[in-house]
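I am opening a notebook on a structure that is new to me.

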Amino acid sequence: MKPKKATIHDIAKELNITASTVSRALNNNPRISEVTKKAVLGMAKDLNYQPNNLAAALRKGKSQLIGIIVPTINRSFFSSVIRGVEEVANKLNYRVIVSQSNEDIDTEIATLNALLNARVDGVLVSIGKNTNRFEHYNSLIEKGIPLVLFDRTTNEIGTSQVVIDDYLGGYLATEHLIKQGCKKIVHFTNLKQVNIYKERYRGYLEALKDNNIPFNQSLVYESNMQLVDGRKSTEKLLASKQEFDAIFSASDYAAVGAMQVLKENDINIPRDVALVGFSNEPFTSFTDPPLTTVSQFPIEMGQAAAESFFEILDSKKKKFIPQKTVLQPELIIRNSSLKEGR
């Protein structure tokens, strides 16, 4: 049998005081003397008392917990966003519970329900690539539970969002390649429900248009944008015998996959093919050659997402007006895209 958990009533019985006095002492109520507080804390330690946070949350109406759902936890970008959230939340005595959806909508829904059962005060979400319905999030808004989307967002959910200007990032990356003399620029993308890839693609198209370079649909490759996808897309590209002089990948991972295949085929980077990624993952400065990429400032994104959450939480209005925070990207130029003499 499991040992019975100690309660405030057990502490009260041992000290011959009331349970309400114990509760006040544990919550550092100024009406309780320091002598009593010390005795209560000592007895709580002796009995291995653990507060029932769920019950406390139900009483106070707040748990001081924020749920975070990310597609995957093993990416530097998302761990940096979480760090940014914690920097803001911890100062306000809030803690975070982090879960990952693994890009699976059923897991995303189950994870959301688990966080709600844990009585989180609200949820911050970067939606999965395969999420194509949003009732589970819209129901949160209907219940008045704060919800903030970051990075991967959708316009089908009427709530606050924090994003980088992905359009501008795509434009800057493509414009940089054009300035290097590139005219046949391949684009690796994922044009599903997720806005970030659509916006980066739009930036790519606009940069081509502004520089009078005809758009060629056969130079656009769609995939899940992981390293293996970058490899497969580049292998298909080479097999197609299409002429190209640059690749702009909307993901650093796919860009590294492209880099591997190009080098395996003795294609010089950047002399023969210039290469640009997106996200500024830590490994991009250590590739050979170092990868030009677009920085998304994930820590600042996490901070802004947390601030948006607390704005919703503190709002006195019955209906909070959703806000969209757009951070500015920065092109990090490295050797993978720099043509000699340019």
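**Entry 1: a pair in helix H10.** I looked up Glu235 and found its side chain in a salt bridge with that of Arg231, at 3.8 Å from N to O. I count a salt bridge when a side-chain nitrogen of Lys or Arg is within 4 Å of a carboxyl oxygen of Asp or Glu. Glu235 and Arg231 are about one helical turn apart, because they sit 4 residues apart in helix H10 (residues 227–239). Helices here are DSSP runs (H or I, at least four residues), numbered from the N terminus. Glu235 is partly exposed, with a relative accessible area of 40%. My cut-offs, with a 1.4 Å probe and protein chains only, are under 20% relative accessible area for buried, over 50% for exposed, and partly exposed in between.

**Entry 2: ground rules.** I note that the model is predicted, that local features need pLDDT of at least 70 and side-chain atom pairs pLDDT 80 or more, and that totals for chains, interfaces and linings use all residues. Residues are numbered from 1 along each chain as its sequence is written, and side-chain values use heavy atoms, without hydrogens and water.

**Entry 3: more charged pairs.** Side chains of opposite charge can pair when their charged atoms come close. How many salt bridges does a search of the whole structure find? It finds 13.

I looked at Glu199 next. Its side chain meets that of Arg202 in a salt bridge, 2.9 Å from N to O. Glu199 and Arg202 lie 3 residues apart in helix H9 (residues 195–210), so about one helical turn separates them. Glu199 is partly exposed at 28% relative accessibility. Arg202 is partly exposed too, at 40%.

Then I turned to Asp272. It forms a salt bridge with Arg271, side chain to side chain, at 3.4 Å from N to O. Is Arg271 buried or exposed? Arg271 counts as exposed, because its relative accessibility is 57%. Asp272 is partly exposed, at 32%.

I also found a network of salt bridges that links Asp106, Arg133 and Glu135.

**Entry 4: Thr111.** I located Thr111 in helix H6 (residues 105–117). Its relative accessibility is 11%, so I log Thr111 as buried. Which residues does Thr111 touch, leaving aside neighbours within four places in sequence? Its contacts are Ile69, Ser99 and Gln100, where contact means heavy atoms within 4.5 Å. Inside the sequence neighbourhood, I noted that a polar atom of the Thr111 side chain lies 2.8 Å from the backbone oxygen of Thr107.

Key:
Helix = DSSP H or I, 4+ residues; strand = E, 2+ residues; numbered from the N terminus. Polar contact = N/O pair within 3.5 Å; in protein donor to acceptor, adjacent residues only side chain to side chain.
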